[in-house]
Amino acid sequence: MLENKSVLAIIPARGGSKGIPHKNIADVNGRPLISYTISAAKDCPYIDRILVSTDDGQIAKISREYGADVPFLRPDYLSSDTAKSIDAVLHAIDFCKVNDRAYDIVILLQPTSPLRTGADVTGALDYFVQNHCDSLLSLTEIEEHPVLTRQMDDETKRLKPILSMQSTVRRQDMQPFYHVNGAIYINYCRDLTRETSLNDNHYGYVIPSPHGLDIDTLGDLELAGYYLAKETEGCNEIYNKNKGDKDKMEELLEVLEQFDDCIDFKEENALMTDGVIDSVRLVELVGELEDHFGVDISLDEVLPENFDSAEYIWNMIQRLKK
């Protein structure tokens, strides 16, 4: 529930996949791909129900094991290569309306975005409501600016820029451009029709570039596994060195309690201010972790490259608490 509005999360996961067989449950760092999206949804306090829409019994079984609802198997006509995502979304919304309740907001979380986090989902929903958006999707900033992108005429081979701006502009003066990464879509249920194009949602919520990784190839799976392994490496190292010391674990958790608010980056002890990482506070936190765990933590080793430091620390705290 978010400001008296009920929130339904839908994870569409059909069994058929041409590029990677059973892609949605492919192994990524020791877990099925879809489990990361279910975990991200479970980490968002606003979501009232997490529903997986699938036509595949094995995907349904695994999704239930990780805590999602799978109240039906999707009909074949909604599971073909030509079926549209919006039809599966409307089917799930209608099912809930008849068998459970009508929801105000629907958030679509594709299982092919395993690096999207609970903090991303929570932040997107917050932004959606607080800014009175009618629809929203997640974005990542494009690294290669399109000012140097050209179209080529098939016959004359003459080049034409796709942007009406000089390519000599300084990089720091370039307006940023964003890519629709497919990780998060948010709409009001009442607004959706079969003609709705989710990729044309009106507002954008920017998430860190790695979090927008969309799994389409085996190379993408390997890259996601690399990021996820790096993310947990520091936490696992600390835990393995101290897993037999119950007193030390309890003492550490008491220290970590004060950092529970860093998921929204707003409170006094948060690790970010106005979107900027508070490096001093981060170093202080790592120092307290070192003191209470009795281990040496190297920031270079613990923090995965290109990841948001505050968000990484938050995820580490949650794993230590489990």
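Reader: What lies nearest the centre of the largest pocket?
Author: Pro12, Arg14, Ala83, Ser85 and Gln110 do, out of the 30 residues that line the pocket. The model is predicted: local features need pLDDT of at least 70, side-chain atom pairs count only at pLDDT 80 or more, and totals for chains, interfaces and linings use all residues. Residues are numbered from 1 along each chain as its sequence is written, and side-chain values use heavy atoms, leaving out hydrogens and water.

Reader: What makes a space a pocket, and what makes a residue part of its lining?
Author: On a 1 Å grid over the protein atoms alone, a pocket is an open set of points where a 1.4 Å probe fits, with protein on both sides within 12 Å along at least five of seven lines; a lining residue has an atom within 4 Å of a point. The largest pocket holds about 710 Å³. Helix H3 (85-99) and strand S9 (178-188) are the elements that give two or more residues to its lining; a helix is a DSSP run (H or I) of at least four residues, and a strand (E) one of at least two.

Reader: How do you know that Cys96 is in no disulfide?
Author: The whole structure has zero disulfides. For Cys96, the nearest cysteine sulfur is that of Cys189, 8.5 Å away. A disulfide needs two cysteine sulfur atoms within 2.5 Å, so the sulfur of Cys189, at 8.5 Å from that of Cys96, is too far for a bond.

Reader: Why is Cys96 called buried?
Author: Buried means under 20% relative accessible area, calculated with a 1.4 Å probe on protein chains only. Cys96 has 0%, so the word applies. Cys189 has 12% and is therefore buried too.

Reader: What makes Arg49 buried or exposed?
Author: Its relative accessible area is 13%, so Arg49 is buried. Arg49 sits in strand S4 (residues 49-53).

Reader: How do you know that the side chain of Arg49 makes a polar contact?
Author: The side chains of Arg49 and Asp100 come to 3.0 Å. A polar contact is a pair of N or O atoms within 3.5 Å, one able to donate a hydrogen and the other to accept it, so 3.0 Å falls inside the limit.

Reader: How do you know that S1 and S5 pair?
Author: Two strands pair if DSSP finds at least two bridges between them. Strand S1 (residues 7-12) and S5 have four, in the parallel sense; Ala9 has Ile107 of S5 as its bridge partner. S5 and S9 run antiparallel, also over four bridges, and Ile105 is partnered by Tyr188 in S9.

Methods: Points joined across faces, edges and corners; volume = space filled by probe spheres on them. Buried < 20%, exposed > 50% of the residue type's maximum accessible area, 1.4 Å probe, protein only.
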